[in-house]
Every structure is written in C-alpha cells, then in structure tokens.
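Please have the sequence and the 3D view open side by side as you read.

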Amino acid sequence: MFFTKMLIPTLREAPSCADIISAKLMMRAGMTRKLASGLYEFLPLGLKVLRKVENIIREEMNAAGGQEITLPLIFPKDLWVETDRWNVYGKELFRLKDRKDAEFCLAPTAEEAATDLVRKEIGSYKQLPLMLYQFGAKFRDEIRPRFGVMRSREFLMKDAYSFHTDEADLEKYYKVMFDAYTNVCKRCGFKFRAVEAASGAIGGSFSHEFMILADNGEEEIAWCDCGYGANSEKAECLPIARTKEERLALEEVLTPNVGAVEDVAKFLNAAPEKFIKTMIYKADDNPVVVLVRGDHEINETKLQSLLGANEVVLADEQAVASVSNAPLGFAGPAGLKGVKIIADLSAVEISNAVTGANKKDYHLKNVNYNRDYNADIVADIRKVAYGDICPRCKKESLKFSRGIEVGHVFKLGDKYSKLMNATYLDKNGKESLIVMGCYGIGVTRILAATIEQSHDDNGIIWPDNIAPFNVVVIPVNYADAKIKETTDNMYKELTSKGVDVLIDDRDERAGIKFKDADLIGIPYRITIGEKNLEKGFVELKARRDGKDAAKFLSPEEALSEIIKIFNK
C-alpha cells in the first residue's frame, strides 16, 4: 500500500477533546475521529488494527470450538423483562420505541438473545456442549463518555456464550476459554494479568478479568507471586487479629462539631485503626448499618453481593437520623435496635474501639464486640489495602498495579436459563436447566489499552501482530530511479511473503516521514537513501529501539531479517 493512496490524516497536535494519551495518539495518527460525545469514526489505519485484533480473537474462538453467529443490535423489551434486567441495568441502557410504540433497547450485551436462541433450538443433551460467539457493536449510555474509545457509547465487542449439561462441564470449558483469552493477550503482545473479578450486572458465580497493565489504568489490581490476583472490587481481605487488651469500661466523651474519623482521631489523640466507622446504607430502600475499621473503606460491591441487593447507596441525612437519632458522623453500633448490622471481619476484632455515640457531638470509647454491640452478619466487606496479606498463600503482602480491563469471562450457571426456562432433556428424558458461561472482549478497547501500555514521546509503539503495517519503507526521494527500483523490489518481495508493507511515497522531507512513521507506530522502518544505496546499504530500524539502533544492511539482508521476524 502507498501512503499517497490512503487516507492517513496525521496531526501535529491532538484535538482539545482528547483527554488521555491513547485518545490523543489515535487522533494524531489518523486512526479515529470524534463524531459526537462517546461516538468515534474509525479511519483506514484504525480499522486495519481493529480487524487484525478481531482475526486473532476469531482464530482463538474457533480453536476453542466456537461457532460464529450474528445477533441483532436491537432487542425487544420482553426478553429483558424475563431476566429483570430491563430495570436493573439502569440508565446506561439505551431504550427506544418503534412506530407501534413497542419498546426495545440497543444491545449492551446479549445474554438474553443468546439464551432465547438456544432455548428454541436445543432440546437434547446430545446437542451440548455448544459455544456461540459474535462480533458486534454494543451500546451503553455512559453518563460521562471519556478516554476516547476506552469508554465510549458505541464500541465493538466479541461476546460468546457457552451452554452445558451441568456445572462440571462448564468448569472444564471455562478453563478452555480462560486459556483462549490468555492466548489472545499473548498473541496481541500485551503485558497482562488475569484476575478474579466481581460479576456486576452480567451476574453469575465467578469471573476473571484480563487486564492490560498500564500506569494510568482505570482499575487497581492486587496480586501475589503465588499466582493470586483480583481487582479491587473482588480482592479478598483476611481478618486482622484482635489486639490483646483488657476490656475497659464504656465511656462517653464530648466531641463538639467533630464527626469524621480523621478529625475525631486528632481530637482524641487516637489512631484511626482504633475506630469503628459506622455507615448507614440503603439496600433496595431498606436501611442497613455497616461497620468497618476506621482506616478502612467499605467495598460496596462486596456489600451488594453479600446482601443480594440490586442496589446499595449511602443513606441521606434524614435516613441516618432515623436510624441513629444523630446527625452524620455520630452514628455507632452500640444501642442500635430494629436495623440489620453488617460488620467487617476486622472491625469486630478491635478492642476498646471508638465509635459514634448516636448522640450529637458525642463519641464512645472502649466499645467491644459481644459486650456493647453485636452484628447480624460478620463478613469481608472492605476494600483491599496496602499491607494486606495474600488470602491464598497467607504469607506475602499483596502487590498492587493499575490495569485496563479488555476481557471478562463468567461462570453464569443457571442464572439466565432458570429465568428464561432454557432446558434440555437428559439421558433419562428428564428436563434439566442448561448451564451457561459468558465471555466478552472489548475489541475497540484493546486498541486504546495497548497504546496506553506501549508508547513514547514520539507516538505509538504497536506490537508486531496488530500493527496497521508490519513495515514502512521510506524512500528519501521516490522520484529517483534507483531508489524507486529498490523500493518497489523490496515491496514486492515482502508482500509476497505475507508481510504487510506501507511505502511512504510522499514528496515530503525525510524528517516528516520519520515523524509520521514513529507517530503511527509501525514496528519496522526501512529507509532507502541515495548515499547509503550507493554504498550498497539500506537502513533498518525497529520502532522499539533507540534512535542510534539503526542497522545498515544490504537490501537482501534487510529483506531476510524482516521475513525471518514475520515468519518465525
């Protein structure tokens, strides 16, 4: 392909609407353009990368026994009512009506449609297991679309759904898909980690996220060299042992106009870890008291899962006062009645704790579990923190990294088949529920995440397998007959070997061509100049290498090296 024949509108400066490095570089490299908030056009270079990623994923899905299908982008309301997700999914769901006032939604995911298809077509255990997958646009009405294609309102996703006779068969296939996703990440050239994750609105009993590691990743992950890893929503927290102290008498102390843990700690000259933070939540409109240690934070995802609630939100001042008879900042567990109390594992281990006194401007000192208060449920409901011990090996402190989720695999079990009555007949002719798995990859998100992980001051550094071109050949003066002949010969030889080549045949200075090649991020650059060619050399340089790492080789040697790289 020739540069002059392609639409590659590179920019010297990024548009002001680009808020992170990947958005800036994709626009500067002529890969995307913004149409409206959260809506992006993919230009030829960007689409080439998108298709290369898509093909890698398709090959791995086929190798895992998947069959490709295409489902509609618009789903009828009735399907989503069956699973109650019409209401649960919330305002992110794009809803619309047709001319007959029938209600529909734009697909954010397709569990209902896939389950509906299978319940109509599958009747016997002999037809299972089955995995169906598709590539299709997905839509989510993000409240604040940002980060370019990382969090947009329309995006390309590969979603897959597997159907099984029982949990044991799902467990086996989950491992197959876990390995397939691992292969995708390796083939795309990522530095990544697969971590345990919360299942969110998709549901199910267990899931893993595949995270591309990047310093400015949107999620924090905790991990250990023993192999354990989880995102911050899911990471397990071990209880912190009780401090061995003699239980002292309960004491009420005046703390005028001081309610926050940090402020009360300073006022009383006490450490935050000696406090029990008492928060009032509403779980599906029912008040619940939640207790964590003063230096810890409540993990609302864990809390919601523990309570089996559709939604948990902090209570307003009026609700707090109705539960504790005190304003914000002065609630405590001692003496509370008629409300469910949920305590974190470490909160109940504090001896002689400080809590609110359920009385304006007062706190209690020397509060102890099983003497001054009790809890209905004691469980792990806090966020993981630096210094926490790995819950698997129980030896090493957890390490933390930032990551960008690009894939998610779920064990759905019978969540959807039960609600939608998707069944099969077993060997004995008995009707049984189909057991399901679900597997998603954000294809457009992979592009942005890769750039966040792999770039420098000059532009993008694409991994070899997903770069828009493998090699850019830059003739310093394409009008020169000898340079043109060498360029054309190299192009023909490389393309005949399956190498994807771009010739920068523009009538521009070499420096401009070099800058654009670095900006676009093509892995290898061959420069053909008059002086070097007179000596029998061309210049070969890898994008990842420094500016002084160029090799001067004969055209034949350069061809041989490139062909060896891409036919390994």
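What follows is a walk through the chain, from its overall build to helices, strands and cysteines.

**Overall build**

Please keep in mind that this is a predicted model. The chain contains 15 helices and 31 strands. Its C-alpha atoms fill a box of roughly 95 × 65 × 50 Å, taken along the principal axes. Of the 568 residues, 52% count as buried.

**Helices α1 and α11**

On the α1 side, the contact is made by I21, S22, L25 and M26, and on the α11 side by L447, A448, I451 and E452. Sorted by type, the residues of this contact are six nonpolar, one polar and one charged.

**Helix α13 and its cover**

Helix α1 turns up again around helix α13 (residues 510-520). Which residues of α13 are buried? They are K513, D516, A517, D518, L519 and I520. The elements covering these buried residues include α1, α2 (44-63), β26 (459-460), β27 (471-475) and β29 (524-528). Just after α13, G521 takes a positive phi of about 90°.

**Paired strands**

| Strands | Sense | Bridges | Facing residues |
|---|---|---|---|
| β1 (residues 32-36) and β2 (residues 39-42) | antiparallel | four | R33 and E41 |
| β4 (residues 74-76) and β6 (residues 103-106) | antiparallel | three | P76 and F104 |
| β5 (residues 95-97) and β6 | antiparallel | three | R95 and C105 |
| β15 (residues 286-293) and β17 (residues 340-344) | parallel | four | V290 and I342 |

In the hairpin of β5 and β6, five residues lie between the strands, and D101 takes a positive phi near 70°. Strand β6 pairs with β5 and also with β4.

The parallel pair of β15 and β17 belongs to an open sheet of five strands, in the order β16-β14-β15-β17-β20, with mixed pairing. At its edges are β16 (312-314) and β20 (377-379), each pairing on one side only. Neighbouring strands of this sheet are turned by 30° against each other on average, direction ignored.

**Cysteines**

How many disulfides does the structure hold? The count is zero. A disulfide is a covalent bond between the sulfur atoms of two cysteines, and the cut-off used here is a pair of sulfur atoms within 2.5 Å. For C226, the closest cysteine sulfur belongs to C390 and lies 3.6 Å away, which is too far for a bond. C226 counts as partly exposed because its relative accessibility is 42%. C17, at 34% relative accessibility, likewise counts as partly exposed.

Definitions and conventions:
Residues numbered from 1 in each chain as written. Predicted model: local features only at pLDDT ≥ 70, side-chain atom pairs only at ≥ 80, totals over all residues. Heavy atoms only, no water. Contact = heavy atoms within 4.5 Å. Helix = DSSP H or I, 4+ residues; strand = E, 2+ residues; numbered from the N terminus. Nonpolar A, V, L, I, M, F, W, Y, C, P; charged D, E, K, R; others polar. Buried < 20%, exposed > 50% of the residue type's maximum accessible area, 1.4 Å probe, protein only. Pairing = 2+ DSSP bridges. Axes fitted to C-alpha atoms, helices over the stretch in contact; angles between N-to-C directions.
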